[in-house]
Amino acid sequence: MSFTPENLARAQSVIAQYPDAHSAILPLAHIAQDQDGWLTTEAMAEIADLVGTTPADVQGVCSFYTMYKRRPCGKLVVSVCTNVTCLVVGGPEILEHLNDRYAADDDVFVEEVECLAACGNAPAMQVNYEYHEHLVPEMAAAIVDDYKSGVLQPRGVSGGLK
Amino acid sequence: MTDTKKIEVRETRIVTRRLHDVVDAWKYENARADGAYQIWADVLRKGDAADLLAQVKASGLRGRGGANFPTAIKWESLPADVFPRYLVINGDEGEPSTFKDREIIEKDPHALVEGVCIEAFACGINKAFIYLRGEFALGYDRVVNAVKEASANGWVGENIQGSGFSLDIVVHRGAGAYICGEESALIESLEGKRGMPRIKPPLPIHSGVYAKPTVVNNVETASTLTHIIKMGGAEYAKLGVGRSTGTRVAAISGHIKNPGIYEIEFGMTFREIIFELCGGLRDDKELKFFLPGGASFQWLVNCDEHLDQVYDIDDITAKLGTTLGSGAIMVYDQSTDPVLVAWRLAKFYAHESCGKCTPCREGTGWIEKILYRMSHGQGRPTDMELLLSMSANVSPDVLRAPFTQTTICPLGPSPVSAVASLEKYFRAEVDAACSGGRPGIAVNVRVNS
Ligand SMILES: Cc1cc2nc3c(=O)[nH]c(=O)nc-3n(C[C@H](O)[C@H](O)[C@H](O)COP(=O)(O)O)c2cc1C
Ligand code: SF4
Ligand code: FES
C-alpha cells in the first residue's frame, strides 16, 4: 500500500530535515513498515521516488538492516536477546519457550536478536521495540499475551509511535 | 608509569547524577529545574569557543565510545574555514553487554542535547545529527521530545538566545546493524546507504557526512562536556589517574550481585569494582573470568594480577594488552563454559560483519562454525589449532593484544580476542572438552537470519 496522506506528509517533513534526501531512506522505511506491517516492494519503490533514487538502491540499502522485515510478520515482533549476558541468565530458554508457544500464531513473530543494551536487567526482550526485562519464560509469554489481548498497547512493528 | 593515587571505592556521579537524583529527568521542566541548559546559557553569554576547546583540552577528556581518542585533539583537527561542517553523535550502542548510553538517552536526554549544543558551538557547527540505534524506540521518542522542548524554550534553533549562533539538531534512527557504531559506517548509514565502514584516510574529521568535515563523538562523551565546562577542565582532570581523567560510566553485568551502570572514577581496581562496588558474584559463587572492556577485547581471569589491575586506559593496555573499550564489564562464575561464551560472541560478529572485506566476512563465519561444534559436544582434538590458524587470517599474531588486523575495521579481529583468551587461559579445559570429538560427524552449520 502506498503512504497514507498523513504518512506522506510525515515522510516529506523527514526528507526536509536532511541536506541530501537520500539520508531519509532509513526513517522512511520505518514509517512504511509501521504502516504496512512489513517493508513491501511497493513501499520501497515509493521511497525511491520520494528521495530521488532507484527502487534497486532502496532495496539494496534496506536489505542490509535487520529491523526491516521483507515479508509479513504479524502484529507483534518479539525480539529475544541471547547474547553473552542473557546467555548465562536464561535468554535462550525464553527464546525456546516463545518459539514453541507461538509457532503457529500468525500474529506473533519471534526472533532471536543480539544484545539489546539491557544486560543490567537481563534476560531481556522487546515487543515491537518496547523493552521487557528481568524475565523468566512464563512471564515473557504472559507479556506477549497481554499485547495480544490488548491489555498492553503495542507500538508499530518498527517501534514507531503507538 | 604507575599512578599510586588511591581512589575511593564509591560512585562519583557526574554524568549520571541527574538521571539518578531527579524523578523523570527526561521531562523538560524537571531537567530545567535541576539546572539543565544553564551552562549552555553561560557559554552563549561568554561566546568564547576557544575557551571551550582550552577547557576540554585541560580536562584530558578521551572519547567514551571505545577508542579513547582525546576529544580536544579531534576538535583541533577540524580543517579551518571549511563549511558546512557537521556534528554526529554516536548513539548506536550495540556492543554486547554495553548499556550505558541507553541510560542517558532514555533517562536524561536533555543532558545529551545540552552537550550537543556546547560541542557544536565549540566547533563552529550549525547542524548536528544524533544517530540512535534503531531498537531504541523509547530513546528515540525521548530525544526527539527533548530536542523539541529545547527548541520551544529557545535553546536550539535560529539565533539562540540572541547570540547570533544557530543550531539545528536532527535525530536519526538506525535500523539494526551493530557495524553502524563504527564511525565511518555510521556516516554511510546516515547518508542512506548500507552501513559499511569506509577505508581511511580520509578520516571523518576531514571528510565525513556528505564529504564535509565531521566531528563524531559518543553520547557519553558529549554529555560529559557540560560538566567539564561547569567544573573547569583542570578541576575535572584532577579526577582519575594518569591520562585516564575523570569518570567512566561502566556497565556491569553477568553473574554479578548488583548489575547496572556505575559511574566510577578511573583508578579503582577490578577487585574493588566487582567485589566491593557491585557486591561480588550472585549467590557468592566463585569468579571464573571477566571481560574488562566490552565484547571485543581479551578477557581476564580470577587471579591476583588481573583483579588488582587498575581501571586505567593506558595501564591496562601496557600491562595486560586488553582495553577498557566500551566501558562494559561482564562477569562470569565457575559454572560458565568459556567456549560457549566465545562461540556466542563469534556468532554475533559473524552476524554483524558487513561483508565488505574478505578476511572478516569469511573468517568470522568460520570461527563461529568451529566454536559452535566445540561448544556443542562435537569438538575435535585438532579444533583449537584449526581455530588459531583461521584466526590468523583475520588477526595475524593471534595472541597479541591489542589485536592486529588484516581488515578494514576492527570488527573482524574482535572474535579473535575471544579465541586468544581461550588459548591463553582455558586451553586445558578446551582440550578436555574436545578430546572425545567424533571426526566426520555432520556439523549443524547455522545460518544467521
Ligand atoms: C565495530 C565498531 C563498533 C563501534 N560501536 C560504537 C558505538 O556503538 N558507539 C560509539 O560511540 N562508538 C562506537 N565505536 C567507536 C566509533 O568508531 C568512534 O570511535 C566513536 O564514536 C568516536 O566517539 P568518541 O571519540 O566520543 O568515543 C565502534 C567502533 C567499531 C570499530
Ligand atoms: S572488518 Fe568486517 S565489519 Fe569491518 S569493514 Fe571488513 S567486513 Fe566490514
Ligand atoms: S546481552 Fe542481552 S541485553 Fe545485552
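Mentor: The following dialogue takes up these features in turn. Please keep in mind that this is a predicted model.

Trainee: Let us begin with T336(B). Where does T336(B) lie?

Mentor: T336(B) is found in chain B, in the loop that runs between β11 (328–333) and α15 (338–352).

Trainee: Why does T336(B) count as buried?

Mentor: Buried means under 20% relative accessible area. T336(B) has a relative accessibility of 6%, and therefore it counts as buried.

Trainee: Which residues does T336(B) touch, not counting those up to four places away in sequence?

Mentor: T336(B) touches V88(A), as well as H255(B), K288(B), F289(B) and V341(B).

Trainee: Let us turn to salt bridges. How many are found over all chains?

Mentor: A salt bridge requires a side-chain nitrogen of Lys or Arg within 4 Å of a carboxyl oxygen of Asp or Glu. The search of the whole structure finds 47. One of these joins the side chains of E272(B) and K6(B), with an N to O distance of 2.5 Å. E272(B) belongs to helix α12 (residues 270–277) and K6(B) to the segment before α1 (17–21), so the pair ties together parts 266 residues apart in sequence.

Trainee: Are E272(B) and K6(B) buried or exposed?

Mentor: E272(B) is buried, at 11% relative accessible area, whereas K6(B) is exposed, at 61%.

Trainee: Which residue forms a salt bridge with D108(B)?

Mentor: The partner is R18(B), and the closest N and O atoms are 3.1 Å apart. Both D108(B) and R18(B) are buried. Through shared partners, salt bridges join R17(B), R18(B), D21(B), D34(B) and D108(B) into one network.

Note on methods: Residues numbered from 1 in each chain as written. Chains lettered and ligands numbered in written order. Predicted model: local features only at pLDDT ≥ 70, side-chain atom pairs only at ≥ 80, totals over all residues. Heavy atoms only, no water. Helix = DSSP H or I, 4+ residues; strand = E, 2+ residues; numbered from the N terminus. Buried < 20%, exposed > 50% of the residue type's maximum accessible area, 1.4 Å probe, protein only. Contact = heavy atoms within 4.5 Å.
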